[in-house]
Amino acid sequence: MKAEEVRTKTLDELEGQLGDLKKEQFNLRFQKATGQLENVARVRQVRRDIARVKTIAAQKRDAKK
C-alpha cells in the first residue's frame with residue numbers, strides 16, 4: 001500500500017482499514033506461533049501499513065483542528 005492511496009481515503013475509511021490490518025497482524029502472529037506462516041515478509045508489510053495509516057490519520061485529525 002502506498003501513502004498516496006492512503007491519503008485519498010477519509011478518516012472513517014482509515015479507521016476501518018486500521019481495524020482490518022490489526023486483525024491481519026493478529027492472524028499472522030498466530031500463524032507464526034503455530035508454524036503455519038508461509039510469507040514471513042507479510043508481517044513486516046502489515047506492520048508498516050499500520051504505521052502508515054496511523055500517521056496519515058493523525059495528520060488528517062490535526063488538519064481538522
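User: What does Gln17 touch, not counting residues up to four places away in sequence?
Analyst: Gln17 touches Met1, Lys9 and Val53, where contact means heavy atoms within 4.5 Å. Keep in mind that this is a predicted model, so local features need pLDDT of at least 70, side-chain atom pairs count only at pLDDT 80 or more, and totals for chains, interfaces and linings use all residues. Residues are numbered from 1 along each chain as its sequence is written, and side-chain values use heavy atoms, with hydrogens and water left out.

User: Which residue does the side chain of Gln17 join in a polar contact?
Analyst: That's Lys9, at 3.4 Å. A polar contact is a pair of N or O atoms within 3.5 Å; within protein, one must be able to donate a hydrogen and the other to accept it, and residues adjacent in sequence count only if both atoms are side-chain atoms.

User: Is Gln17 buried or exposed?
Analyst: Gln17 counts as buried, at 14% relative accessibility. Buried means under 20% relative accessible area, exposed over 50%, and partly exposed in between (1.4 Å probe, protein chains only). Gln17 lies in helix H2; helices (H or I, at least four residues) and strands (E, at least two) are DSSP runs numbered from the N terminus.

User: New topic: how many salt bridges are there?
Analyst: There are 2. A salt bridge is a side-chain nitrogen of Lys or Arg within 4 Å of a carboxyl oxygen of Asp or Glu. One of them pairs Arg42 with Glu24, at 2.8 Å from N to O. That pair links distant parts of the chain, with Arg42 in helix H3 (residues 41-64) and Glu24 in helix H2 (residues 11-34), 18 residues apart.

User: And what does Arg52 pair with?
Analyst: Asp49, with the closest N and O atoms 2.9 Å apart. Both sit in helix H3, 3 residues apart, about one turn of the helix. In general, an α-helix has 3.6 residues a turn, so residues three or four places apart point the same way.

User: Which residues of H3 are buried?
Analyst: Val46, Asp49, Ile50, Val53, Ile56 and Ala57. The buried residues of H3 pack against helix H1 (3-7) and H2.
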